[in-house]
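Subject: Handover of a structure

Dear colleague,

Please find below the structure that I am passing on to you. I would be grateful if you could look through it alongside the notes.

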Amino acid sequence: MAVQAPRPPAHRVALVAFPGIRAFDVSVITEVWGTDRTDRGAPAFDLRRVAVDSTPVPMRGGLALHPDRTLTWLARADLIVIPGLDDHLTPAPTPVLDALRRAHARGTTLAALCGGAFTLAQAGLLDGRRAITHWNLIDLLRIHHPRVNVVPDALFIEDDNIWTAAGTAAGIDLCLHLVRRTHGAEAAATIARSMVTAPFRTGTQAQFIEHPTPRADRDADTLAAVREHALRHLHEPLTVADLAAYAGMSPRSFARHFTAATGTTPLRWLLDQRIATAQKLLERTDLPMPEIARRAGFGSEVTMRQHFASRLATSPRAYRAAFSTPAPAPASGTGAPDSASVTGGSSPIAR
């Protein structure tokens, strides 16, 4: 009788709680790391709600969070996540700030959602470092923490193992990205599908796009069809000019409308989809590298390796070694896989 390999230890995640944190961000963190999806192949997580003591932490709307660990547990955490704040100038308790400084000195990954950047700034952890917050709070962060290098427009960024994110939905993007970089694209996609949210938005996308007009709505329908076409033909040597022709636009007009509708350029979007497809194939199949490069549309293994190095700071082979899971290879044929489909914790909730 075969002996099953031992399951890897649960990834330990700490949610830092103190009066003034946003209930929405607490919910996002809990949904990503506090829900057991191991029955669908997602990794096991051990999410703990950490505070100065065991006193319930009040939140807006009559809600309260009940801590299950004190700050000493941060020494065991693999990842520490700080929710945003209802009042962005809320002072964090001194023990919390001290604990965050010690955690960063130990090399623990820190992540702040939305106004949580103000908490990290209070601790001095963003001094001289790049950071982002909600676009409407950028000037406030600059005024109160002038030593922070505030990035004017991004969904999330990292500097010295400290992650910050823009507002609301960008917090979901960052949480899924942190899952992706630690456990692979398929794990993040599994969680995203469960949450019925997009599995992949890059941190460099714009925080918001212009409000649509009736003409812009028509353009959006056209661009959605173009993106679907591109996803089904990634294995072909698509260019921005090809996509513009499919949309019936000039390349310049197409690029302008595409960026206005999506917050990113057509070339960057196309490259993101190719990388995501290659990640899926590396995780799910044992196809040789040249075939993966072909199906993802890179043309050659060398090109794929260059883009993995620049975007993911790793190689395709190292990525496969870290995240591959046994699965049957896709059926042979000339077509690419349907890229449109690429995409355990402390809570008993399973979704």
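The notes below cover the confidence, the sheet and the helices.

This is a predicted model, in which local features need pLDDT of at least 70 and side-chain atom pairs count only at pLDDT 80 or more, while totals for chains, interfaces and linings use all residues. Residues are numbered from 1 along each chain as its sequence is written, and side-chain values use heavy atoms, with hydrogens and water left out.

The chain has a mean pLDDT (the predictor's confidence in each residue, from 0 to 100) of 84, and 83% of its residues reach 70 or more. Over residues 206-218 the pLDDT is below 50, and it stays under 50 over residues 327-351.

Strands β6 (residues 79-82) and β7 (residues 109-112) run parallel and are joined by four bridges; I80 has L110 in β7 as its bridge partner.

Among the helices (DSSP runs of H or I, at least four residues), α10 (residues 266-284) meets α11 (residues 289-296) through contacts (heavy atoms within 4.5 Å) that include L281 and L282 in α10 and M289 and I292 in α11. The residues of this contact divide into six nonpolar (Ala, Val, Leu, Ile, Met, Phe, Trp, Tyr, Cys and Pro), two charged (Asp, Glu, Lys and Arg) and one polar (the others, Gly among them).

Kind regards

Notes
Pairing = 2+ DSSP bridges. Helix = DSSP H or I, 4+ residues; strand = E, 2+ residues; numbered from the N terminus. Axes fitted to C-alpha atoms, helices over the stretch in contact; angles between N-to-C directions.
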